[in-house]
Amino acid sequence: MTDGKKVLFSGMQATGNLTLGNYLGALKNWVTLCDEYECFYSVVDMHSITVRQDPAELRSRARRLMMLYIAAGIDPEKNCIYYQSHVSAHAELAWILNCLTYMGELNRMTQFKDKAAKHADNINAGLFTYPVLMAADILLYQAAVVPVGVDQMQHLELTRNIAERFNNIYGDVFTVPEAYIGKVGAKIMSLQDPSKKMSKSDENPNGSIYLMDDPDTIMRKFKRAVTDSVGEIAYRDEQPGIKNLIDIYSACTGCTPQETVRAFEGKGYGEFKPAVGEAVISVLRPLQEEFARLNKEKDYIDSVIRDNAEKARRVSGKTLRKVMRKIGYPDRIF
Ligand code: TYM
């Protein structure tokens, strides 16, 4: 705890183009939680290399993601926004935690299974131990709260188990974190296949809304969204396409799904789909404008990157030193 506030940690991968799912499931909540917590938001570029990346592309995406955090409304003077690879404590703690994590636990991770199937030619050890690095991220900052989408819950559960295991063996060192899942938007589905989550790596670009999509593209994608032949705007599992659109509309407007259903009672999909498009456009427009402005502020962004990395190093270094003592690494008498 710093400044009497509990600590919050979260991160996003600098891989692919960020989607509306990333925004509604995570980034939007990050912004609303800023005042209540002492926040650390990382661009997790070390996680990104578990899948082969083009180096120049990764560097540029990481920087854009950093700017997107700020454009979304996270004030880098009050919150710590930094690149994971700039803070070596992440790799150091990940190694230690690797030695406290069982193969069986990692074998159960559904995201590993999915990614291994998708990248069958590159099932590397990093992909397997990815959740341990994620645990290190969170535990280094003594985070009490971790806002994520539903797809990260299993990793969060593992993080809690690792933290408790460490604390049981070596004494209380780590805060055991809780996940924070938003009321709506925690699992945004593909617009083309509502049984699949909206994903940066989807091959069909019509299934995802990208945060930098222009209004015409957004509208076109919503008009083409896969729905059903029921023809009723109702919030139920049997109509997954419409349910997803209700979630998106509700998350963008601040309504509950029930309020959204009431607002569109008796109306057809032909009216509802463009209304969802409009709601998304209104949320993304200010974000895109702010991003364009920041893109011209090179020196400012550089200073944010420098200053925040220093803060992240200081805070994480404290936990790392404690851990090193506990596990019996020799004292550094130099
Ligand atoms: P990543 O980069 O895949 O996704 C970033 C955040 O977006 C959420 N998300 C979604 N939410 C709702 N609907 C969707 N369709 C959707 N798609 C993605 C994710 O749940 C996530 O919150 N392993 C993490 C990054 C990470 C991390 C951490 C997160 C690394 N270390 C420590 C929290 C704490 C990941 O790959 O997220």
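Student: Is Ser 316 buried or exposed, and how is that decided?

Tutor: A residue counts as buried when its relative accessible area is under 20%. In this predicted model, Ser 316 has 0% relative accessibility, so Ser 316 counts as buried. Ser 316 lies in helix H13. Apart from residues up to four places away in sequence, Ser 316 touches Val 87, Ala 89, Leu 140 and Tyr 141.

Student: What separates the C-alpha atoms of Ser 316 and Asn 29?

Tutor: The two residues are 287 residues apart along the chain, and their C-alpha atoms are separated by 23 Å.

Student: Which residues does Asn 308 touch?

Tutor: Asn 308 lies in helix H13, which covers residues 298–327. Asn 308 is buried because its relative accessible area is 6%, and buried means under 20%. With residues up to four places away in sequence left out, Asn 308 touches Pro 76, Asn 79, Cys 80, Ile 81 and Tyr 82.

Student: How many residues of H10 are buried, and what covers them?

Tutor: An α-helix has 3.6 residues a turn, so residues three or four places apart point the same way. H10 is mostly covered, with 11 of its 14 residues buried. Among them are Gly 241, Ile 242, Asn 244, Leu 245 and Ile 246, and also Asp 247, Tyr 249 and Cys 252. The cover over the buried residues of H10 includes H1, helix H9 (215–223), helix H11 (257–263) and helix H12 (269–294).

Student: What lies on either side of H10 in the chain?

Tutor: H10 is followed by Gly 254, whose phi is positive, near 85°. Gln 239 lies in the loop between H9 and H10. At 1% relative accessibility, Gln 239 counts as buried. The side chains of Gln 239 and Asp 228 are joined by a polar contact of 3.3 Å. Gln 239 also touches Val 230, Glu 232, Ala 234 and Tyr 269, where residues up to four places away in sequence are not counted.

Student: Which residue has a positive phi although it is not a glycine?

Tutor: That residue is Gln 142, with a phi of about 55°. Gln 142 lies in the loop between H7 and strand S4 (145–147). Its relative accessibility is 15%, so Gln 142 counts as buried.

Student: Which residues come nearest to the ligand?

Tutor: There are 27 residues around the ligand, and Tyr 130, Asp 137, Gly 149, Asp 151 and Ile 188 come nearest. The shell divides into 12 nonpolar, 10 polar and 5 charged residues. Strand S1 (7–12), helix H1 (20–33) and helix H7 (125–140) each supply at least two residues of this shell.

Key. Residues numbered from 1 in each chain as written. Predicted model: local features only at pLDDT ≥ 70, side-chain atom pairs only at ≥ 80, totals over all residues. Heavy atoms only, no water. Near = heavy atom within 4 Å. Helix = DSSP H or I, 4+ residues; strand = E, 2+ residues; numbered from the N terminus. Nonpolar A, V, L, I, M, F, W, Y, C, P; charged D, E, K, R; others polar. Buried < 20%, exposed > 50% of the residue type's maximum accessible area, 1.4 Å probe, protein only. Contact = heavy atoms within 4.5 Å. Polar contact = N/O pair within 3.5 Å; in protein donor to acceptor, adjacent residues only side chain to side chain.
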